[in-house]
Amino acid sequence: AMGLTGTGAPWSADTVKGVELAVDEINSRGGFLNKHPIKLFIKDTRTKPSVAEQVVKDLIKKDKVQCIIGTYSSATALAIKPICRENRVLHIAPISNSEDITKLDFSPYTYSVVPNTYILSKAVVVGVAELARRKGWSKYITIASDYAWGRSSQQIEVELLKQIMPDVKLIGEYWPRLGQSRFNSFIVAIMGQKPDFVLGNIAGADNALFMRDAREYRFFKEIEYPGGVISVTEMIAQARGLRRGTYGRSRAPFWAHLDVPMMADFVKNYRAKHNQYPTDWAVIAYDAVYALKQGIEKAGSIDTKMVKDAMKGMTVETTRGKLFFRKIDNQLSCSAYFGEVADDPNYPFPIFHDLLELKAPDNWRPEPEIIEAREKE
């Protein structure tokens, strides 16, 4: 269940490609446990919570699915989580990454295989704090899409940056709606306040439109924009226009783990099928299916309750290395990445150089804070 239309379309399309490749590989060996062929249903949530709810209800009631992989937009993931829990259907989140998906209103049926907003925001703040010290930055503005992911990311970044660098002051906040098509007014207003840098939390098609409008105003020549979302999708699609020297964040850049045999094989097979390099979303979606496969193998069954229990705290082999699900929130111990956009002779698009990989066990929210948040619900 993915946002195949709307602002989530670019990332969702790549997610489907990753899922399909994993399903094809597993089915070529007979399916789960070598005897249960996978039947795959692909549905469009249109990046709308109400649509996602109906889509997932139909998948469960009419198609009798046992696992939902989805969705794009944390708002839609939060909307379908209680439906999956009520119907005892596994829910694996490969793109949506608000930490509230696993932190609050906990569901034992929901697992996250993407670095959540706390893990990613911590990576951004660590990277930005180092740049601020080096460049003497003292004031900044935030711009974030006005929905669960944008709100969560902005709040965490502001809180963490205040802890690490209390002398760096927040002088403005901007909240474009999800699906914003023109960002001119936001850009003009931000430039008028003359911040040293801007922290941005805009994703998908919205992010491409923001980057387009910002370039028209020569925004990036006047104001630093470190830590924005620059996944492999943006690096490929905006290869010519993406400013070299910009610092950004990413969730699963394939080149960071080419030393992992599973990643090397995945990249080779993905390129053979699609004639392109895999994006973050294809990587994570592929890992989602293989995490499910390993949960089924551990359970020795495709019974949903048994698989759900088997995955609790489980260590899994992924394209990003050997990772584990944290028991308190079913969050995978996957890394977040921060680096400088630069050309590379090995690829026809820019990648991150001086890549900073922040591993989840060193950077995810401490468990006592999760317990405290749940007690306040």
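**Exercise 1. Strand partners**

Task: In this predicted model, which residue of β12 is the bridge partner of tyrosine 337?

Solution: 
- Step 1. Find tyrosine 337. Its bridge partner in β12 is glutamate 357.
- Step 2. Look at the whole pair. β11 and strand β12 (residues 351–358) run antiparallel and are joined by six bridges.
- Step 3. Turn to another partner. Strand β8 (residues 247–250) also pairs with β11, in the antiparallel sense, over four bridges.
- Step 4. Pick a residue pair there. Glycine 339 in β11 has glycine 248 opposite it.
- Step 5. Check the cover. β11 spans residues 336–342, and six of its seven residues are buried.

**Exercise 2. Valine 307**

Task: Is valine 307 buried or exposed? Say which element holds valine 307 and what surrounds it.

Solution: 
- Step 1. Locate the residue. Valine 307 sits in helix α13, which covers residues 304–311.
- Step 2. Read the accessibility. The relative value for valine 307 is 2%. The cut-off for buried is under 20%, so valine 307 counts as buried.
- Step 3. List the contacts, leaving aside neighbours within four places in sequence. Valine 307 touches Leu90, Leu292, Gly295, Ile296, Ala299, Ser301 and Ile302.
- Step 4. Compare sequence with space. Lysine 293 is 14 residues from valine 307 in sequence, and the C-alpha to C-alpha separation is 9.4 Å.

**Exercise 3. The buried face of α13**

Task: Which residues of α13 are buried, and why do they line one face of the helix?

Solution: 
- Step 1. Collect the buried residues. They are Thr304, Val307, Lys308, Ala310 and Met311.
- Step 2. Look down the axis of α13. The buried residues fall within an arc of 165°, so they line one face of the helix.
- Step 3. Find what this set packs against. The partners are β2 (90–93), β3 (110–112) and α12 (280–299).
- Step 4. Go past the end of the helix. Glycine 313 follows α13 and has a positive phi, near 70°.

**Exercise 4. The largest pocket**

Task: Which residues are closest to the centre of the largest pocket, and which elements give two or more residues to its lining?

Solution: 
- Step 1. Take the volume. The largest pocket holds about 660 Å³ of space.
- Step 2. Go to the centre. Of the 31 lining residues, the closest to it are Ile38, Lys39, Gln66, Cys67 and Leu292.
- Step 3. Name the elements. α1 (9–27), β1 (67–69), α12 and α13 each give two or more residues to the lining.
- Step 4. α1 gives the most, with four residues.
- Step 5. Sort the lining by class. The lining of the largest pocket has 22 nonpolar, three polar and six charged residues.

**Exercise 5. Enclosed space**

Task: How many cavities of 30 Å³ or more are there, and which residues line the largest cavity?

Solution: 
- Step 1. Count. There are three cavities of 30 Å³ or more.
- Step 2. Size the largest cavity. Its space is about 50 Å³.
- Step 3. The lining consists of Trp11, Tyr72, Ser73, Ser74, Ile95, Ser96, Asn97, Tyr147, Trp149, Ala203 and Arg251.
- Step 4. Sort by class. Six of these are nonpolar, four polar and one charged.

**Exercise 6. Lysine 103**

Task: Is lysine 103 buried or exposed, and what does it contact?

Solution: 
- Step 1. Locate lysine 103. Its helix is α4 (residues 100–103).
- Step 2. Apply the cut-off of under 20%. Lysine 103 has 12% relative accessibility, so it counts as buried.
- Step 3. Leave aside neighbours within four places in sequence. Lysine 103 then contacts Arg365, Ile370, Ala373 and Arg374.

Terms used. Residues are numbered from 1 along each chain as its sequence is written. This is a predicted model: local features need pLDDT of at least 70, side-chain atom pairs count only at pLDDT 80 or more; totals for chains, interfaces and linings use all residues. Side-chain values use heavy atoms; hydrogens and water are left out. Buried means under 20% relative accessible area, exposed over 50%, partly exposed in between (1.4 Å probe, protein chains only). Contact means heavy atoms within 4.5 Å. The arc is that of the directions from the helix axis to the C-beta atoms. Two strands pair if DSSP finds at least two bridges between them. On a 1 Å grid over the protein atoms alone, a cavity is a set of points where a 1.4 Å probe fits but cannot get out, and a pocket is an open set with protein on both sides within 12 Å along at least five of seven lines; lining residues have an atom within 4 Å of a point. Grid points are joined across faces, edges and corners, and a volume is the space filled by probe spheres set on the points. Ala, Val, Leu, Ile, Met, Phe, Trp, Tyr, Cys and Pro count as nonpolar, Asp, Glu, Lys and Arg as charged, and the others, Gly among them, as polar.
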